[in-house]
Amino acid sequence: MNQIASLSMTDEQYGKLYPHLFPGDGLEAAAILICRRVGSERERLIVRSVDLVNHGECERASNLLSWPGRAIKYATSEAKPHADTIILLHSHPGGLLEFSRVDNDSSRDTMPALHTAVRGADMAHGSAVMTPDGGMIARLCDKKLKSYKIPRIYRAGTDIIDLTRIRKTPILPFSGAMTDHLSELTACVIGVSGTGSLVAEQLARLGVGRLILIDFDKVEDRNLNRIINATCSDAEEEVLKTHVAERAITSHHPETKVKLIDANIESPDAIIAASSADVLFSCMDKHAGRSIAERISSTCLIPLIDVGVDIPPREKNGVMSVADICYRIDYVRPGGPSLIERKSILPHVIGHEERLGNAPEQAAAEIKAGYMRDFSEASPAVITLNMRAASAAVHEWLCRLFKLRLRGNAHYAQTITSLASCKEKHRSEADFTFSESPRVGRGLIDPLLSLPRYAPQKKEIKM
Amino acid sequence: MTKKAESYGIRLRMPREKFDTKLDFTDDEVTGRQILERFDLRPAEEYVLLAHERDGTLEPVGLEKAICLHGKGPETFFASKADGSKNFMINGRRFPWGDDKISVELVRELGNIPGEHNLYLERHDEADRRLMDDESIDLSGPSLECMYSTQEFKLEVQGVMCAFDTPKVLVKDALVEAGLSPERGWIVTLYHGGGKELEVDLEYEIDLSQPGIEVLGAIPKTVTDGGTSPEPRREFSLLPRDEEFLEQRKLQWETIVEENGQRWLILRRFPLPKGFDHPNTDIAILVPLNYPDAPLDMFYCLPPLKLAGNREISGTDGSAEIEGQKFQRWSRHITDWNPETDGVSTHMTVIDGCLAQEARR
């Protein structure tokens, strides 16, 4: 039976839970989490929605709570359509970060009822406890009522916090303890080319435990100026970029688990594989692929770091020069402003990329008629720029895992660095207009990523 | 304190041997051995005796164990010739059993499962199996056999027996479940028990929680404008909010995929405002693969349109080939496309606006 490796929730979900669970009267309070499983082994549990159980409907004391049947029944009707996992969460205002004997008795009554009402393959339901310091523990049980603790509970927000470790000594960054911590994590790199190969190299050398590398392309001569570890014979033999990275990683970190997906991120297999990760690095230049990465981030509750480089040209009096050398890092948390809302991805560019790919003559005509800019130029291929951008991308992740910034992370939702003006421009989430998306926590249910292109083929009309 | 009766009736059932007899006992207390021997089951050591308690549980009865017969004592016992006790579970309750087989009929009786509820046997490496009434379950395997029941609501649709797990079912969903396409046009009749019939439409909600089985009959509607109209092609999906919008506006629409991979939404015989040289036209909209992250853009008309008086329309000098025919391109765009809120309905406001604006010239 596949066990759950982690549970993830967003800042908004946590923000909805905390004040309800600790209203200030010192009494226990309750909420129900409806959760979905994602990942290629269905090993990550994510919170799809939060039901706050009305204080008035429970009997609340300072050390125990009674669960109203109606709230549980409502939760089972919500969970049934997609066989979701139900987690009954209550607070311990006294601060006990353990399941008490009363909690165990309560579970013995409620768990069988949940398993009878909501069934599915490998079904699990569970319970959880939260304490005033934000600490949390959770356990799940299968239909035979055999239970186990969920090893990690993540608040995947502006900071990435493991709620099960709130009371432990903070990990000293750049120490052996940090390496140990990273060895428990999974990172997915989408696009293993100019910036992606450098991101993968850094993650491996830092000691990240598992790497998922996604790229469909092969090494060519013209890539040798920027793909790290790529050799002339790789270009001659047309070796895939992912394989070059794996070979390098196993030569210096043989214990690192490496999974290769030799496909476009748009393929369903790649999407499902990526959903196993604790963090996504989007290192692609096409807007279409990046919008898919962004959808994986929001539907599967995975923080995303999107990195882009640009060397815009300038023409004056017939002489070409470089207007700027810049790179952009977007940290996208599930529930926060999307890449489209930040205008880091432009919908009309996604459309144009497709037309260039599918109907090149029509696209050429449109470019000629002035309807479309020519997007056929590849991204700048400069290793000095790619290295700075790749380093900034991985550093951004470390900043979210550990306290590295004096002002905290809220100001750095997007960072654009201009090497011509030697300046960094930062934007916080407040600088973008964004709204709550129904996609958050939707998981991998049909249609995948809420995109009609992945909808199952329509039924044949019978007569 | 109940009065002691003169005699107590005890029923002994041996399902395997099809033995089911009642005998009277005069003592208030009997042992397991005495019960077996009274029913001529000797030697008693070779039998397993189970008491069927009033609360529905089965309790093994030791040979020397004294059972009190008056008051709330058991009246029915099961016996089997076996050398060990097996167990099985029904809906989370454990039952001991003496035989290595038990009939589904008896499982239903012991588990108090009504006839309309389905009974399932849990499997581990394959889907759970629905148990039929004439079956027996083999308990001789190494693992504990677990069974559970669910309530299903049945409806016969056009000769096909369909099952649903909620009592309220929409007519259109019932048709789909029976393999009939609601768009095809049906005259649907709901037959209640007792001869009542009711003509119902697709949105009618059938309530299956009433006892008895309902029957739904469907007769295809014939289209009276010169033969049946062909089925609209639906070769790819749009967003749910798009399909709702198109149905609400009662537009005839198709989604087709061309050989070159381009996907088109085509609105057939779209009614035009006055001022054009045709009363209606087919409007095609290119739907990108990554829609709605990629926007809908432009629209294409066939037959190509001119204003009344043979006047050309600006921005219509391009074309696109769809199904081998040349559609006239109108270059009109939505600015600031928002994938969360924009779609066919918002693109239609652009189209409606353009057509109205041109028609006014």
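## Aromatic pairs in chain A

In this predicted model, Phe22(A) is buried, because its relative accessible area of 16% falls under 20%. Tyr18(A), at a relative accessible area of 26%, is instead partly exposed. The ring centres of Tyr18(A) and Phe22(A) lie 4.9 Å apart. Their planes meet at 40 degrees, so the pair counts as tilted.

## Other ring interactions

Over all chains, the structure contains 13 aromatic pairs. In chain B, a cluster linked by ring pairs is made up of Phe78(B), Phe88(B), Phe95(B) and Trp97(B).

Charged side chains also sit over aromatic rings. Arg139(A) is placed over the face of Phe99(A), 3.8 Å from the ring centre. In chain B, the charged end of Arg38(B) lies over the ring of Phe25(B), at 4.9 Å from its centre.

## Interface of chains A and B

Contacts between the chains involve 40 residues of chain B and 35 residues of chain A. The area buried between them is about 3100 Å², and carbon and sulfur atoms give 51% of it. On the chain B side, Asn290(B), Asp293(B) and Glu340(B) lose the most area to chain A, together accounting for 20% of what that side buries.

Five salt bridges are found across this interface, as are seven residue pairs in polar contact, with both residues at pLDDT 80 or more. Glu122(B) and Lys144(A) form a salt bridge in which the closest N and O atoms are 3.8 Å apart.

## Confidence in chain A

Chain A has a mean pLDDT of 92, with 94% of its residues at 70 or more. Residues 459-463 of chain A, however, have pLDDT below 50; this stretch makes eight contacts in the model beyond near neighbours in sequence. Where pLDDT is low, the predicted coordinates should not be read in detail.

Note on methods. Residues numbered from 1 in each chain as written. Chains lettered and ligands numbered in written order. Heavy atoms only, no water. pLDDT = per-residue confidence, 0-100. Contact = heavy atoms within 4.5 Å. Phe/Tyr/Trp six-rings, centres within 6.5 Å; stacked < 30°, edge-to-face > 60°. Buried < 20%, exposed > 50% of the residue type's maximum accessible area, 1.4 Å probe, protein only. Lys NZ or Arg CZ within 6 Å of the ring centre and 35° of its normal. Buried area = accessible area lost by both parts, 1.4 Å probe. Salt bridge = Lys/Arg side-chain N within 4 Å of Asp/Glu carboxyl O. Polar contact = N/O pair within 3.5 Å; in protein donor to acceptor, adjacent residues only side chain to side chain.
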